[in-house]
Amino acid sequence: MILDKLNRVIFPWVAIGDQPTQKAIQQVRNNLEIIVAESERLTSLINDVLDIAKIESGKVEWNFESVSPIIILERAIISTSSLFEDKNLRLIRDFSPDLPLIRGDQDRLIQVVINLLSNAVKFTEVGSVTCQAQQNQEYLVIAITDTGIGIPHNEQNKVFDRFQQVGNVLTNKPQGNGLGLSICRQIIEHHGGQIWVESQLGQGSTFFFTLPLAVNLPPS
Ligand SMILES: Nc1ncnc2c1ncn2[C@@H]1O[C@H](COP(=O)(O)OP(=O)(O)OP(=O)(O)O)[C@@H](O)[C@H]1O
Ligand SMILES: [Mg+2]
């Protein structure tokens, strides 16, 4: 918003200003871009920390109902579509339109799939992300597969821990807080499901999670 205002009010003058003025204004503009990016990062950190605290203290009001996995997947896909466009990655849908209903909190499950799709895009430079879902006995299994950097074997369990990021965070790695997957784990475990990853370094990763089907749960 600040940048929008400056673009409209101040930056048109850059075109007619002298060289030193143009340089100074460009410097201000760069600094503002950093401030805006950092404040967005801080906002997302605060939101994630609050979300974890809320879930752990039992203060979240869960809205459990019978929900369609297709709605969950499609809403998450729409929410992340601009990320795919920005990086020119293909999203592949690999699920049948008649999947069984699951019982869960629709918004929270969309949040899980958005987190997994965002990670898949963030850690993939070329190729695609595949979204699969199928029934396995009394569970639905959802899998998000990417063709990205992969995760070393000894790090695969740790990525679900809070603030855990693979590699050296001070070097040139994508930004984040290391909280997304721990929130996903909390949400999935609250649904009686499990979440895990299988990955080959340099070849890609698949994040799986399971959800109990609606029909198998005792009425609440
Ligand atoms: N699809 C993936 N491919 C490769 N590495 C991944 C993938 N998803 C997660 N990781 C690794 O697991 C770490 C933890 O993921 P998590 O989503 O919790 O945090 P983040 O994406 O770094 O930050 P945040 O989600 O809080 O913005 C990541 O920093 C990354 O090192
Ligand atoms: Mg993440």
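Biologist: At the start of α3, which backbone nitrogen does a side-chain oxygen of serine 68 reach?
Modeller: In this predicted model, a side-chain oxygen of serine 68 comes to within 3.1 Å of the backbone nitrogen of isoleucine 70, at the start of α3. Residues are numbered from 1 along each chain as its sequence is written, and chains are lettered from A and ligands numbered from 1 in the order in which they are written. Local features need pLDDT of at least 70 and side-chain atom pairs 80 or more, while totals for chains, interfaces and linings use all residues, and side-chain values use heavy atoms, with hydrogens and water left out.

Biologist: Okay, and which residues of helix α3 are buried?
Modeller: Helix α3 covers residues 69-79, and its buried residues (under 20% relative accessible area with a 1.4 Å probe, protein chains only) are Pro69, Ile70, Ile72, Leu73, Ala76 and Ile77. Seen down the axis of α3, these buried residues fall within an arc of 165 degrees, so they line one face of the helix. The arc is taken from the directions that run from the helix axis to the C-beta atoms.

Biologist: Stepping back, how many helices and strands does the protein chain have?
Modeller: The protein chain has six helices and seven strands, which are DSSP runs of at least four residues (H or I) and at least two (E) respectively. Along the sequence, their order follows the pattern α-α-β-α-α-β-β-α-β-β-α-β-β.

Biologist: And what part of the protein chain is buried?
Modeller: Of the 220 residues in the protein chain, 39% are buried.

Biologist: What about serine 205, is it buried or exposed?
Modeller: Serine 205, which lies in strand β7, counts as buried because its relative accessibility is 4%.

Biologist: And valine 215, buried or exposed?
Modeller: Valine 215, placed in the segment after β7, is exposed, since its relative accessible area is 73% and exposed means over 50%. The C-alpha atom of valine 215 is separated by 8.9 Å from that of serine 66, although the two residues are 149 residues apart along the chain.

Biologist: New topic: what volume does the largest pocket have?
Modeller: The largest pocket has a volume of about 1,000 Å³. On a 1 Å grid, a pocket is an open set of points with protein on both sides within 12 Å along at least five of seven lines, and a cavity is a set where a 1.4 Å probe fits but cannot get out; lining residues have an atom within 4 Å of a point.

Biologist: Which residues lie nearest the centre of the largest pocket?
Modeller: The lining of the largest pocket is made of 41 residues, and Asn119, Lys122, Phe123, Gln175 and Gly176 are those nearest its centre. Two or more lining residues come from each of α2 (19-56), α4 (81-87), α5, α6 (180-190) and β7 (204-212), and α5 gives the largest share, with eight residues.

Biologist: Where does the largest pocket lie, relative to domain 1 and domain 2?
Modeller: The largest pocket lies between them, because domain 1 (2-56) and domain 2 (64-216) both give residues to its lining.

Biologist: How about the largest cavity, which residues line it?
Modeller: The largest cavity, with a volume of about 30 Å³, is lined by Leu116, Asn119, Ala120, Ile144, Asp146 and Phe207. The elements that give two or more residues to this lining are α5 (106-122) and β5 (139-146).

Biologist: Which of the elements gives the most to the lining of the largest cavity?
Modeller: For the largest cavity that element is α5, which gives three residues to the lining, and α5 also has the largest share in the lining of the largest pocket.

Note on methods
Points joined across faces, edges and corners; volume = space filled by probe spheres on them. Polar contact = N/O pair within 3.5 Å; in protein donor to acceptor, adjacent residues only side chain to side chain. Domains from an automatic or database assignment.
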